[in-house]
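Subject: Structure for you to look through

Hello,

Here is the structure I promised you. Please open it first, then read my notes alongside it.

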Amino acid sequence: MEASIIRGNLRDRIQNKLACSVIRDRRFLDDEQLLRSEQLAVLEEIFNANVRDAEISEISDHFAPILRNDHPYHLALWGKTGTGKTLTVRFFLNLLAEMCSEQAIPMREVHLDLSTPRPCFRALNDLACLLNASKRYKKGISLEELMLRIEESLADYKGYLVLFVDEVDNIRRDKDTFMSFLVRRLPQAVPSKLILVFASNRLTWPDNLDPRVKSFLRLNELIFKPYDAVDLQKILDIRVRKAINPEAVKPGVIEKIAALASRDHGDARQAVTLLARSACLAEKTGQSITLDLVDRAASEIEQDKYVTMIRTAPVQLQLAMAAVIQAARAHRGSALNSNASYDAYQHLAAMAKIRALTRRAFGDLLNELDMYCFLRAHVFSRGRYGRNREISLDLPAETLKAIESAILLNLGLGRSTQRTLSF
DNA sequence: TGTCCACAGGAAATACGGGGGT
DNA sequence: ACCCCCGTATTTCCTGTGGACA
């Protein structure tokens, strides 16, 4: 009898699920899963909704000379992440490529994506790969050699070459070498008509550029404003229509997501992620998307961000983070200083059988953690009792817990080993 | 006012590791 | 197999510093 009740419950649940399934086509909630053609279709729809209108028309003005066989300046786009710089440019270049091929104007576009920071060497290497000029190296080949290969591969191409350098400011170290290659050397070494398009999220980026490069660089600048709630609503609406069962969206949900997103960052990608996460939650619990679920999804996303960030971080950084969390727990209440956390760190390192770094290096780790907002390390002086960093953790306790257990698992100190030890 | 604590953090030195050239 | 080169991580060394205390 028990069994039949359970069976009945299960049946109900499954039927319930099918009846009010929330997500119709999951792929439209995640750009990665869309085919390129589908992506462009979505983009077209978005741009048709008059979002980023002003920017598109400015970009077209900028590139118009190409169709008259003229040579436009370079272009720099400023705007925060997720304001659609990349998408807009890709969408536009696609369009431009079509128009050029109609008019038999040779045009080639290359998208150099530097969304993760990398040194000059890797950036050049990536560029070379995109141009089929070389294979991927980790090290061991000189910058000069890479440059030569890039030039060689373009030696015969006389048409337009639009080089879209996404997130330029992500070049660590030797930025000037990279820039002066692109701006001064490449155009002279190669017959192609080179048009550089830089995208960056820091307005101040060109300030710390080599002045020689800067004076050489003829730039047109264009600023992308963050999406406002209205734009975001349009974008979300399109996604909802494609991906989600409209009945399953409670009124006000889209407005709320748009409002949250525009308040925090104005980032469309994150807004869509939030929508996706809410939809997933709704599907799991078998209800429709409610305002409450949106809140829960938002805090889950926040937590995930930290956990994945720390999981992929170098071991020593993880170790330092876990040590601080543990030390803070031990110190409950009283302020935590760098000395105590270093002790905890040494202890933890011994447990994980990892060589502990020196205090100096540990200090740098703390700074790095501070930079990523995992903790706050404030240096302050206690007079003749010396100076000290005071460390505080102000992430929610739940998040800290998740971070800690992720790290311990990574280091082989997870729950499972603890349990086997206690047996 | 000067002293002096106890660490911060800059700079240079050193270790490391991976890849190419030979 | 060996060496050299290059980029990165870490150590070593060292100077600087805010403010309580005498």
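Start with helix 5 and helix 7. Their axes lie 9 Å apart, and the two helices pack at an angle of about 35°. Helix 5 brings Cys120, Ala123, Leu124 and Leu127 to the contact. Helix 7 answers with Thr177, Phe178, Phe181 and Leu182. By type, the residues of this contact are 7 nonpolar, 1 polar and no charged. Keep in mind that this is a predicted model.

Next, helix 6, which spans residues 143-153. Which of its residues are buried? They are Leu146, Met147, Ile150 and Glu151. What do they pack against? Their partners are helix 5 (120-130) and helix 7 (175-189).

Now a second helix pair. Two packed helices are described by the angle between their axes and the distance between the axes. For helix 11 (residues 268-285) and helix 12 (residues 291-311), the angle is about 115° and the axes are 8 Å apart. The crossing of helix 11 with helix 12 is right-handed. On helix 11, the contact residues are Thr273, Leu274, Arg277, Ser278, Leu281, Ala282 and Thr285. On helix 12, they include Leu293, Val294, Arg296 and Asp304. This contact divides into 8 nonpolar, 3 polar and 4 charged residues.

Last, the aromatic rings. The count comes to 6 aromatic pairs. One of them joins Tyr306 and Phe374. Their ring centres are 5.2 Å apart, with 75° between the planes, and the pair is edge-to-face. Tyr306 is in helix 12, while Phe374 is in the loop between helix 15 (359-371) and strand 9 (376-381). The two residues are 68 residues apart, so to speak from distant parts of the chain. Both Tyr306 and Phe374 are buried.

Tyr342 and Tyr345 form another aromatic pair, and this one is tilted. The distance is 5.8 Å centre to centre, and the planes are 35° apart. Why are these two tyrosines separated by about one helical turn? Because Tyr342 and Tyr345 are 3 residues apart in helix 14 (residues 338-351). An α-helix has 3.6 residues a turn, so residues three or four places apart point the same way. Tyr342 and Tyr345 are both buried. Ring pairs also bring in Phe362, which forms a cluster with Tyr342 and Tyr345.

Best wishes

Methods: Residues numbered from 1 in each chain as written. Chains lettered and ligands numbered in written order. Predicted model: local features only at pLDDT ≥ 70, side-chain atom pairs only at ≥ 80, totals over all residues. Heavy atoms only, no water. Axes fitted to C-alpha atoms, helices over the stretch in contact; angles between N-to-C directions. Helix = DSSP H or I, 4+ residues; strand = E, 2+ residues; numbered from the N terminus. Left-handed = near helix turned anticlockwise from the far one by under 90°. Contact = heavy atoms within 4.5 Å. Nonpolar A, V, L, I, M, F, W, Y, C, P; charged D, E, K, R; others polar. Buried < 20%, exposed > 50% of the residue type's maximum accessible area, 1.4 Å probe, protein only. Phe/Tyr/Trp six-rings, centres within 6.5 Å; stacked < 30°, edge-to-face > 60°.
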